[in-house]
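Take a look at the sequence and the structure first, then read on.

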Amino acid sequence: MAVDAFGPELEERLAAARRIADAVLFEGYVLYPYRASAAKNRLRWQFGVLVPPGYAAVSGESSHQRTECLFEPRSGDRLAVELRFLRARRRTVQRALPDGEFETVPELELGERVLQPWDEGAEETVRLLLPVELLGGDGVVHPFRLAAARDEERLSHDDGQVAGRLLRESAPVAGAVRVSARPLPGPYGTLLLTAVVENTGGWTPDGGARREDALPHALVSAHLLLAPERGTFLSVTDPPRWAAPVVAGCRNEHTWPVLANPPGTRDDVLLSSPIILEDHPRIAPESPGPLYDATEIDEILALRTAALTEREKREARGTDERAGAVIDLADSLPPEVLERLHGAVRALRDVTDPGSGEGEQPWWDPGADRDVDPGRDRILIDGRHVGAGSRVRLGPGRRRTDAQDLFLHGRTGVVEAVLHDVDGSVHLAVTVDGDPGADLWRVQGRFRYFQPDEVTPLDGDGGGPFAEEA
């Protein structure tokens, strides 16, 4: 059931989801200013860290993740399960001595790099392809173990003379993936799928419990990708109404499952992430590359990184290959890319669908009550018919209005719609003359609201924008 790779179709679907998962995998891997000596980088890896049970008992950190979601398989379906995590690999820096021996040092200057001790993150993957028929009852348990490892990298000066070496040591890591499913009552053929990832390592703290000692034995930034060959998943964030009670009872511990397929496609990939995401997450198209510090803004990070001193950049390059790539990226960004990073609005959308052939769509729901039409209805105020397009002077009531509206007393505006409450009350949606955001509010259907006795109809232009009472 363990496999090295999935079939071409599964691999293609998972490849897109892995781009999202990589952002999870490396979130907080190395933080600005990307130097090993920086205080921010002395306490790393805050998400998805599964420590050995012996350390979990004394530290309060977790040794497991539990994912529950709703899965709709097809006949003879198989489920691809991919556990991804980082394995902390401890790096020691040593300088070459004249007698051919080496001594451990806090740093070693070597050309464009200043090398320091550091915990590198090696990517690890466990892949399973499980027939759905085997997931009933106790399901499938797949234990795995990564043996301890040690390697050496010799370092040389430009003239070829040995300058030192890097020693990298990996501690043994052990874990298990447990996958089971049970059918839900009803005609839909839906399964409640449970996937548990555990750290089963036997390492226990000796004396004081130090996190830095436990990390080499931990699964860092652990998360799951799930993809059936033919079935689909239901959203845990926004389930169909019939499934909502079941989803409310799902136990998701130290992780959050989201649909990870591209928007508008079949819901056939699920990412169980230690970071809360929305369904169908996407990488911002403006992002020039990974910066590993997603709590910041790419533009600020790029500008700050480019402004580091040459010594700081050398230290960052010596910290990690990924940190060095960030320095090179920041130094090479052309002005047009930086300009693209200067803000992007995604919340706005066209209120018409050019491909539908239906013209403009109203911002209210015309199917809710066909007896009303906010854009055409009119009411009688002071003997005049007032509706969309009418000009009015505002006189907000002091006892029943928002305190902000009191600043609008005496100003003029345009009625955008006449709205009727279910209890028979009438409200006028108004945009205020001279408001620089008026066009934006119209597009979004957001207005200021007043009752009929809070406005006075005007003739002509009402005295111009933001006119005051005489």
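Is Phe-85 buried or exposed? Phe-85 counts as buried, because its relative accessibility is 1% and the cut-off for buried is under 20%. Keep in mind that this is a predicted model.

## Around Phe-85

Phe-85 sits in strand β2, which covers residues 78-96. Its contacts, leaving aside residues up to four places away in sequence, include Leu-25, Phe-144 and Leu-146. Phe-85 also touches Leu-219, Val-220, Ser-221 and Ala-222. Ala-122, Glu-123, Glu-124 and Val-126 are among its partners too.

One of these pairs spans a stretch of sequence. Phe-85 and Glu-123 are 38 residues apart along the chain, yet their C-alpha atoms are separated by 6.1 Å.

## The buried face of α5

Helix α5 runs over residues 298-306. Its buried residues are Glu-299, Leu-301, Ala-302 and Thr-305. Viewed down the axis of α5, they fall within an arc of 165 degrees, so they line one face of the helix. An α-helix has 3.6 residues a turn, so residues three or four places apart point the same way.

What do the buried residues of α5 pack against? Their partners are α6 (310-319), α7 (321-332) and α8 (335-340).

## Where α6 meets α7

The axes of α6 and α7 come within 6 Å and cross at roughly 140 degrees. That angle makes α6 oblique to α7. From α6, the contact uses Lys-313, Ala-316, Arg-317 and Thr-319. From α7, it uses Ala-323, Gly-324, Ile-327, Asp-328 and Asp-331. The contact residues divide into three nonpolar, two polar and four charged.

Notes
Residues numbered from 1 in each chain as written. Predicted model: local features only at pLDDT ≥ 70, side-chain atom pairs only at ≥ 80, totals over all residues. Heavy atoms only, no water. Buried < 20%, exposed > 50% of the residue type's maximum accessible area, 1.4 Å probe, protein only. Helix = DSSP H or I, 4+ residues; strand = E, 2+ residues; numbered from the N terminus. Arc of directions from axis to C-beta. Contact = heavy atoms within 4.5 Å. Axes fitted to C-alpha atoms, helices over the stretch in contact; angles between N-to-C directions. Parallel < 35°, antiparallel > 145°, perpendicular 65-115°, else oblique. Nonpolar A, V, L, I, M, F, W, Y, C, P; charged D, E, K, R; others polar.
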